[in-house]
Amino acid sequence: MVMRSEDGRELRSFMFEEEAPGQEVRAVERKLLLETLASRLPSGAISFSSRVRKIEKQGMDETLLELDNGNKVLAKIVIGCDGVRSPIAKWMGFAEPNYVGHCAFRGLALYPEGQPFKQKVNYIYGRGLRAGYVPVSTTKVYWFICFNRPTPGQKITDPALLKKEAIMLVSNWPRELLDVIHKTPDDVVIKTPLVDRWLWPGLGPPASTDNVVVVGDAWHPMTPNLGQGACCALEDAIVLSRKLAGAIKNGPESIDKALRDYSLERWTRIFPLTIRANLVGVLLQWDNLAVCAFRNNVMIPKLVRLGPFLEHTNFECELLEPVASV
């Protein structure tokens, strides 16, 4: 990892193995991850472009889902992993996620002849503004820009304008970062307001009700400051699938207990992580000149140690049973 200030000055650099033995960073393109997971399912198991339009209970044990494409699905168990603006979470009574005061641009730069960067995580810090980039393959580099804004602002749908706005934010920053952004196709640049939901005990609905359960961002959206949003969703999936695997054979009461056990087990992990991610974002988005000088000259080079900071990544699970290829 290499950390620099907006003028290109190196604040600190280190190898992960030296700073935190046993830790590693794997940058994985989400599209590739989803395709890999989908390839293990039977043909036709996924119905694409089928956002849930309506959900309602049918009797005691079933739930009817009406999809945007007009199809209807009658299900004994509904697992809502449909993102930050989840219709299923809304139906269950969850409040809208809270805007945290900053937005992010993200993109994936393309280098058909091969990207020139070493396997490094690159961070750049400014005042109320930070950016980073990391290779995800021999030809692709992921990047982000996070910036303060009191409100999310008007939604921009023109991808060329989004890319232009991103470049303007860091126009005087290191050349390497600008090169990465310029090599990004317009249509893969996205801008999102950063939001989260703090699951205070007793102040919101449970994660499951009547055999409907929420997973990942649908339940616990968190800011990306710890890089744990998608990771926690995968953890959710492992825990939930294991609990359901045995319960499904034993009837409705066992299923209800499995869903409640999942909720309790996962809450103890994701609630503190959500808060921690938020607070880290607050610290990283400082815009006070004196505070930023302290961060760049004292905190990053002398005080921050990676080992304790990455303890949250130590989620252990037994090896999953292999599934035969379909």
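1. Basis. This is a predicted model, in which local features need pLDDT of at least 70, side-chain atom pairs count only at pLDDT 80 or more, and totals for chains, interfaces and linings use all residues. Residues are numbered from 1 along each chain as its sequence is written, and side-chain values use heavy atoms, with hydrogens and water left out. Helices (H or I, at least four residues) and strands (E, at least two) are DSSP runs, numbered from the N terminus.

2. The seven-stranded sheet. Seven strands make an open sheet with mixed pairing. The order is β2-β1-β8-β9-β10-β7-β11. Two strands count as paired if DSSP finds at least two bridges between them. β2 (10-13) and β11 are the edge strands, and each pairs on one side only. From one strand to the next, the twist averages 20 degrees. Angles here run from 0 to 180 degrees between N-to-C directions; axes are lines fitted to C-alpha atoms, for helices over the stretch in contact.

3. Helices on this sheet. Helix α4 (residues 159-169) packs on the sheet and touches β7, β9 (129-135), β10 and β11. Contact means heavy atoms within 4.5 Å. The direction of α4 makes about 70 degrees with that of β10. Helix α8 (residues 289-303) also packs on the sheet, touching β1 (2-5), β2 and β8 (122-125). Its direction makes about 10 degrees with that of β2.

4. Strand β7 and its partners. Strand β7 (residues 98-110) is joined to β11 by six bridges, and the two run antiparallel. Asparagine 98 faces aspartate 196 in β11. Alanine 104 sits opposite threonine 192 in β11. With strand β10 (residues 140-148), β7 pairs in the antiparallel sense over nine bridges. There, alanine 109 stands opposite valine 141 in β10.

5. Lysine 191. Which side chain does the side chain of lysine 191 meet in a polar contact? The partner is glutamate 165, at 3.2 Å. A polar contact is a pair of N or O atoms within 3.5 Å; within protein, one must be able to donate a hydrogen and the other to accept it, and residues adjacent in sequence count only if both atoms are side-chain atoms. Lysine 191 lies in strand β11 (residues 190-196). Setting aside neighbours within four places in sequence, its contacts are Ala104, Phe105, Phe147, Arg149, Pro152, Leu162 and Glu165.

6. The three-stranded sheet. A separate point concerns β3-β4-β5, an open sheet of three strands with antiparallel pairing. Its edge strands are β3 (52-58) and β5 (72-75), each pairing on one side only. Neighbouring strands are turned by 20 degrees against each other on average, direction ignored. Six bridges link β3 to strand β4 (residues 62-67). Lysine 54 is opposite glutamate 66 in β4, and isoleucine 55 has leucine 65 as its bridge partner. In a regular strand, side chains alternate between the two faces of the sheet. β4 and β5 share four bridges; leucine 64 is partnered by leucine 74 in β5.

7. Two hairpins, two glycines. The hairpin of β3 and β4 has three residues between the strands, and glycine 59 takes a positive phi near 70 degrees. The hairpin of β4 and β5 has four residues between the strands; here glycine 70 has a positive phi near 95 degrees.

8. The α6/α7 pair. Helix α6 (residues 229-247) packs against helix α7 (residues 252-284) at about 160 degrees, with axes 9 Å apart. The angle therefore makes α6 roughly antiparallel to α7. Angles under 35 degrees count as roughly parallel, over 145 as roughly antiparallel, 65 to 115 as roughly perpendicular and the rest as oblique. In α6, the contact residues include Cys232, Val239 and Leu240; in α7, Ile255, Tyr262 and Arg266 are among them. The contact has eleven nonpolar, one polar and seven charged residues. Ala, Val, Leu, Ile, Met, Phe, Trp, Tyr, Cys and Pro count as nonpolar, Asp, Glu, Lys and Arg as charged, and the others, Gly among them, as polar.
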